[in-house]
Amino acid sequence: MNQGAACFSRRAILAAGLAVLTLSARAQTPDQTLPPDPAPTPPPPVQLTPLRPQTPQPTPGPLQGLQSLPQGGFRLRMTGAELTAAQTAAVQALGRELAALPQGRITVESQVAGPANDVSAARRLSLARAQAIKSALVAGGLTPTRIDLRPLGRLSTPQDAVDILPPGVASPNVEARRS
């Protein structure tokens, strides 16, 4: 074999070896132009059972003075804009029970028996009563943003009462639902 052919074959062998090394190095390093592997799929969502509104049941003792309404909720008879000490204690105890409910809004509907000839005064007195109830519920631990006030004023069947309605309980006042 002549020297030129030997040199050519060495060069060919070296070039082939270099090509093999280059290809094996490329095979070991990931291609930067390809996108990364997708993230694993998340687990399926947990199936939760829907929460049913639960009306607290009156317990003997702390909720004395609160009358249970047939469709749920409680009624408190008031003559003025302020609560008595016994009424305050009962409403605070109810506030603790309502605060234990996981969610939902509490509605406070207040109405007055008079004055019949001054709608504005009747609405203001019913608002003052609703605010007194809200203050006692908050003092019992209920978050103030969960309480809705509905001062109804004087209705066609006048009475001095405040209704405390837990989540999911409809208003017992037909006039209140129409307005």
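Trainee: Leaving aside its neighbours within four places in sequence, which residues is Arg129 in contact with?

Mentor: This is a predicted model, and Arg129 is found in its helix 3. Contact here requires heavy atoms within 4.5 Å. With neighbours within four places set aside, the residues that Arg129 touches are Met78, Thr79, Gly80, Ala81, Ser110, Gln111, Val112, Asp160, Ala161 and Val162.

Trainee: Is Arg129 buried or exposed?

Mentor: A residue counts as buried when its relative accessible area is under 20%. The value for Arg129 is 1%, so Arg129 is buried.

Trainee: Which backbone oxygen does the side chain of Arg129 reach at 2.9 Å, and which lies 3.2 Å from a polar atom of that side chain?

Mentor: A polar contact needs a pair of N or O atoms within 3.5 Å. At 2.9 Å, the side chain of Arg129 reaches the backbone oxygen of Thr79. At 3.2 Å from a polar atom of this side chain lies the backbone oxygen of Gln111.

Trainee: Which elements do the buried residues of helix 3 pack against?

Mentor: The buried residues of helix 3 include Ala122, Arg129, Ile133 and Leu137. The buried residues of this helix pack against strand 2, helix 2, strand 3, strand 4 and strand 5.

Trainee: Which residue caps the N-terminal end of helix 3?

Mentor: A side-chain oxygen lies 3.3 Å from the backbone nitrogen of Ser120. The residue that supplies this oxygen, and so caps the helix, is Asp118.

Trainee: How far apart are the end C-alpha atoms of helix 3?

Mentor: Helix 3 holds 21 residues, 119-139. At 1.5 Å a residue, the helix should therefore span 30 Å. The distance between its end C-alpha atoms agrees with this: 30 Å.

Notes. Residues numbered from 1 in each chain as written. Predicted model: local features only at pLDDT ≥ 70, side-chain atom pairs only at ≥ 80, totals over all residues. Heavy atoms only, no water. Helix = DSSP H or I, 4+ residues; strand = E, 2+ residues; numbered from the N terminus. Expected span 1.5 Å × (residues − 1). Buried < 20%, exposed > 50% of the residue type's maximum accessible area, 1.4 Å probe, protein only. Polar contact = N/O pair within 3.5 Å; in protein donor to acceptor, adjacent residues only side chain to side chain.
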